[in-house]
Amino acid sequence: MTTLGFPKSHRLLRPADYSQVFDRVTYKVPHRNFLILAAPNSLGHARIGLIFSKRNVKLAVQRNRIKRQVRETFRHETALPALDIVILGRQ
């Protein structure tokens, strides 16, 4: 049985990590509710960062629920390539 944890090594933590993705965008996937940006990394596994502003999603309860659902989906995907992924929320 495999453990499906979500360690800190799979998260974008520092502002420098986010700015690297914004500066080196290789993949851009627009959606009605999200904008997904991705850039390759040299770590051998994917990392994710979430940006949901109060301007786009008004209530904190809604923002937290969306972030939990996105993190859970990412956590269950084990076959992702070595990418840094940033998910931006839209209105």
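**A walk from helix α1 to the cores**

Start by selecting serine 19, which sits in helix α1, residues 15–23. Helices here are DSSP runs of H or I with at least four residues, strands are runs of E with at least two, and both are numbered from the N terminus. Before going further, note that this is a predicted model, where local features need pLDDT of at least 70, side-chain atom pairs count only at pLDDT 80 or more, and totals for chains, interfaces and linings use all residues. Residues are numbered from 1 along each chain as its sequence is written, and side-chain values use heavy atoms, with hydrogens and water left out.

Serine 19 is partly exposed, at 31% relative accessible area. (Buried is under 20%, exposed is over 50%, and partly exposed is in between, using a 1.4 Å probe and protein chains only.) Zoom in on its side chain and you'll find it reaching the backbone oxygen of alanine 16 at 2.9 Å. That is a polar contact: a pair of N or O atoms within 3.5 Å where, within protein, one must be able to donate a hydrogen and the other to accept it, and residues adjacent in sequence count only if both atoms are side-chain atoms.

Now colour the rest of α1. Asp17, Tyr18 and Val21 are buried. They span an arc of only 95° around the axis, so they sit on the same side of α1; the arc is taken from the directions from the helix axis to the C-beta atoms. Pro15 and Asp23, on the other side of α1, are exposed. Show β2 (34–40), β3 and β4 too, as these are among what covers the buried residues of α1.

Next, select Arg14, Asp17, Arg47 and Asp84, which are linked in a network of salt bridges. A salt bridge here means a side-chain nitrogen of Lys or Arg within 4 Å of a carboxyl oxygen of Asp or Glu. Arginine 47 meets aspartate 17 at 3.8 Å, N to O, joining strand β3 to helix α1 across 30 residues. Arginine 47 counts as buried at 12% relative accessibility, and aspartate 17 does too at 5%.

Which residue forms a salt bridge with arginine 47 at 2.9 Å? Aspartate 84 does. Aspartate 84 is in β4 and arginine 47 in β3, so this pair ties together parts 37 residues apart in sequence. Aspartate 84 is buried, with a relative accessible area of 1%. Its side chain also makes a polar contact of 2.7 Å with the side chain of asparagine 41.

Glutamate 72 is partly exposed at 34%, and so is arginine 75 at 23%.

Finish with the largest nonpolar core, which has 12 residues, including Phe6, Ile48, Phe74 and Ile85. Such a core is a set of buried Ala, Val, Leu, Ile, Met, Phe, Trp, Tyr and Cys residues joined through side-chain atoms within 4.5 Å. β3 (47–51), α2 (60–76) and β4 (83–89) each supply at least two of its residues, and β4 gives the largest share, 3 residues. A second, separate core has 7 residues, among them Leu12, Tyr18, Val86 and Leu88.

Technical notes: Contact means heavy atoms within 4.5 Å.
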